[in-house]
Amino acid sequence: MSLPASLSAWLLVLLCAVSGGYCLRRVRRSEREARGGAAGEAVMGFGMAAMAVPSGIGPWGPGILLAVFGAAVLHALWLLRSGVHHAHHLVGSLAMAYMSYTALTAAGGHGHGGGPPLVTGALLLYFAGYVLLGGARLVTAGGGGQPVAGGPPVVRAELTRACRLAMGMGMLAMLLSL
């Protein structure tokens, strides 16, 4: 038994919004060095939720999302200064900008959407690998750290990995729908 398309789209919206909310919460509780990555993930989660709304986001939506994700690309490039481990933020931001652009060109009558098959295929391969690797890491993850009395609460690494995995699966689902 399969889910109706609109129900599965709303479930994707919910998954992405909850992931974005969790990442936003991480921004408030993280140390300064980790805030940039968590903020990027929050923007990505909320942006993915907006893109996944089944009724669309209006004729102005793809242009606004393209601007937001263009800024996210610049933010991800800025994060790369502190290390290559932020490259996933760049790929994710580029993928969201790419999907926004294809939606914009489809809405403007300049094409059918979907974008060049080579770019879409490369992004599909990247996110499929990311999801498989993230799932394997999550399955093999051990117990998280224990809070120190009187100290800040410990953010469980497994929950952060699960959030990233959920967003990776959401990205994969949206790319498959192009």
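## Basis of the model

The structure is a predicted model, in which local features need pLDDT of at least 70 and side-chain atom pairs count only at pLDDT 80 or more, whereas totals for chains, interfaces and linings use all residues. Residues are numbered from 1 along each chain as its sequence is written, and side-chain values use heavy atoms, with hydrogens and water left out.

## Overall fold

The protein has six helices and zero strands, and its pattern along the sequence reads α-α-α-α-α-α. Helices (H or I, at least four residues) and strands (E, at least two) are DSSP runs, numbered from the N terminus.

Of the 178 residues in the protein, 37% are buried. Buried means under 20% relative accessible area, exposed over 50%, and partly exposed in between, with a 1.4 Å probe and protein chains only. Contact means heavy atoms within 4.5 Å. Among contacts between residues at least 6 apart in sequence, 69% join residues at least 24 apart.

The expected span of a helix is 1.5 Å times one less than its number of residues. For the 25 residues of H1 this gives 36 Å, which agrees with the 36 Å between its end C-alpha atoms. The buried residues of H1 include Leu12, Cys16, Tyr22 and Arg26, and H2 and H6 are among the elements that cover the buried residues of H1.

H5 has 24 residues and reaches 34 Å from its first C-alpha to its last, close to the expected 34 Å. Its buried residues are Thr120, Leu123, Phe127, Val131, Gly134 and Gly135. Ala128 is also found in H5 but is partly exposed, with a relative accessible area of 25%. The C-alpha atoms of Ala128 and Met171 are separated by 9.4 Å, although these residues are 43 apart along the chain.

## Nonpolar core

A nonpolar core is a set of buried Ala, Val, Leu, Ile, Met, Phe, Trp, Tyr and Cys residues joined through side-chain atoms within 4.5 Å. The largest one has 29 residues, and those with the most contacts inside it are Met48, Phe69, Met96, Met99, Phe127, Met171 and Met174. Two or more residues each come from H1 (5–29), H2 (32–52), H3, H4 (87–107), H5 (117–140) and H6 (157–176). H6 gives the largest share, seven residues.

Not counting residues up to four places away in sequence, Met171 touches Met44, Met48, Gly92, Ala95, Met96, Met99 and Phe127.

## Largest pocket

A pocket is an open set of points on a 1 Å grid over the protein atoms alone, where a 1.4 Å probe fits and protein lies on both sides within 12 Å along at least five of seven lines; lining residues have an atom within 4 Å of a point. The largest pocket holds about 680 Å³ of space. It is lined by 24 residues, of which Glu41, His85, Tyr130, Arg137 and Arg164 are the closest to its centre.

H2, H4, H5 and H6 each supply at least two lining residues, and H5 supplies the largest share, six residues. By class, the lining has eight nonpolar, nine polar and seven charged residues.

## Gly63 in H3

Gly63 lies in H3, which covers residues 61–79. Gly63 is partly exposed, with a relative accessible area of 31%. Its C-alpha atom is separated by 9.6 Å from that of Thr105, 42 residues apart along the chain.

Key. Points joined across faces, edges and corners; volume = space filled by probe spheres on them. Nonpolar A, V, L, I, M, F, W, Y, C, P; charged D, E, K, R; others polar.
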